[in-house]
Amino acid sequence: MDPVIISEVQEALDRFKDKEVYIHLETTNGAYASHNNESFFSSGAYIRNAKVIYERAKITGEGPFRTGLKIPFGWVYAEGITHFEIDDKGRLLLAGHDFNGKLAVALEISETPFE
Amino acid sequence: MEKERHVLVVFPHPDDEAFGVSGTIASHINMGTPVTYACLTLGQMGRNMGNPPFANRETLPAIRKKELKDAARAMGINDLRMLGFRDKTVEFEDENMLANLMSSLITELNPSLVITFYPGYSVHPDHEATGAAVVSAVEKIPEADRPKLHCVAFSRNCVEELGEPDIVHDISAVVDIKLDAIRAHRSQTELMLEEMADKLKEKDPKTMAWLNNERFWTYKFS
């Protein structure tokens, strides 16, 4: 993955517009966060292969970045995005890595279901 | 360490075996005992992606699968079962299905010793669910026929509530194999090994004690 280049991510986001796509969205502190630090409130969320069609999408911010997708009756968004990759299957993979390089958030868009 | 007929190790994540059990596994294999390692997931939700990242969410499973095979090879395990579950979802699966899966492994392999996590004392929800499934499978076997059940525990309250571990294996004779197993899980362990490099080189007593002693609690059926 490479550090976000806004123009390239925006172009990829626009390419999926108005198409049926599969979304992977997750955010996590890791399962050991509360074990390692009892005062830490651990939380996370995960959705894989949610099928959506979005009518607009934007990546914004000064880095780490925010990405939002406007879907017919709502929104999908992720905050803390630092890296991107368009993989060999043409999927847009966005990830936010924390200061130690650990994955903190991921938002991925694909025209075919993720494995 | 007693000579076993067959050892079955059941953990949910590639690398769960490396730190706490790989020396024990290697010791059994050195004694000629067959060891089966059943690993429920491919650790798809691991967070270490490298800095700069060498992996992403979609490439990580294949990387960890290869690391798991490499670790198995390092320990000399010939029978590695990858059970196909997804990291962090084990606790949401059907408990009966999981327990039945464990029963079928036990029936097939007829192990004299099963190693897993101690339910209630193993921190990660996947560890808890895996341990619980194994316990429930062993519990169904008539007491006289049950394999021994040795559990790994590391929650903050484990010693307070379970007492000191009743089984401690000194695995220093195979510590190089253990280090190879740890190294095999490169995506997850490289950073940590870097931090430990000097201590390992100097054979720092605390680090060596942590590495050389593998601790288990015999499961207490109520």
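**Reading a two-chain model**

Author: Let's start with one residue: at 10% relative accessibility, B:Leu179 counts as buried. Keep in mind that this is a predicted model.

Reader: Why does B:Leu179 count as buried?

Author: The cut-off for buried is under 20% relative accessible area. B:Leu179 has 10% relative accessibility, so it counts as buried.

Reader: OK, and where is B:Leu179 found, and which residues does it touch?

Author: B:Leu179 sits in helix 7 of chain B, residues 175-184. Leaving out residues up to four places away in sequence, it touches B:Leu200 and B:Leu211. Sequence and space can also be read side by side: B:Leu179 and B:Ala74 are 105 residues apart in sequence, and their C-alpha atoms are 9.2 Å apart in space.

Reader: How do I read a nonpolar core?

Author: In soluble globular proteins, nonpolar side chains tend to be buried together. Here, the largest nonpolar core has 28 residues, and B:Leu8, B:Met102, B:Tyr118 and B:Leu149 touch the most other members.

Reader: Which element gives the most to this core?

Author: That's helix 5 of chain B, with six residues. Other elements that give two or more include strand 1 (7-11) and helix 4 (95-109) of chain B. Another core, of 24 residues, lies apart from the largest one, and A:Tyr54, A:Val76, A:Leu94 and A:Ile109 are among its members.

Reader: How many residues are in contact across it?

Author: 30 residues of chain A are in contact with 20 residues of chain B.

Reader: And what about salt bridges and polar contacts?

Author: There are four salt bridges between chain A and chain B. In one of them, the side chains of B:Arg156 and A:Glu38 meet at 3.7 Å, N to O.

Reader: Which strand supplies the largest share of chain A's side?

Author: Strand 9 of chain A does, with four residues. By class, that side has ten nonpolar, eleven polar and nine charged residues.

How values were computed
Residues are numbered from 1 along each chain as its sequence is written. Chains are lettered from A and ligands numbered from 1 in the order in which they are written. This is a predicted model: local features need pLDDT of at least 70, side-chain atom pairs count only at pLDDT 80 or more; totals for chains, interfaces and linings use all residues. Side-chain values use heavy atoms; hydrogens and water are left out. Contact means heavy atoms within 4.5 Å. Ala, Val, Leu, Ile, Met, Phe, Trp, Tyr, Cys and Pro count as nonpolar, Asp, Glu, Lys and Arg as charged, and the others, Gly among them, as polar. A nonpolar core is a set of buried Ala, Val, Leu, Ile, Met, Phe, Trp, Tyr and Cys residues joined through side-chain atoms within 4.5 Å. Buried means under 20% relative accessible area, exposed over 50%, partly exposed in between (1.4 Å probe, protein chains only).
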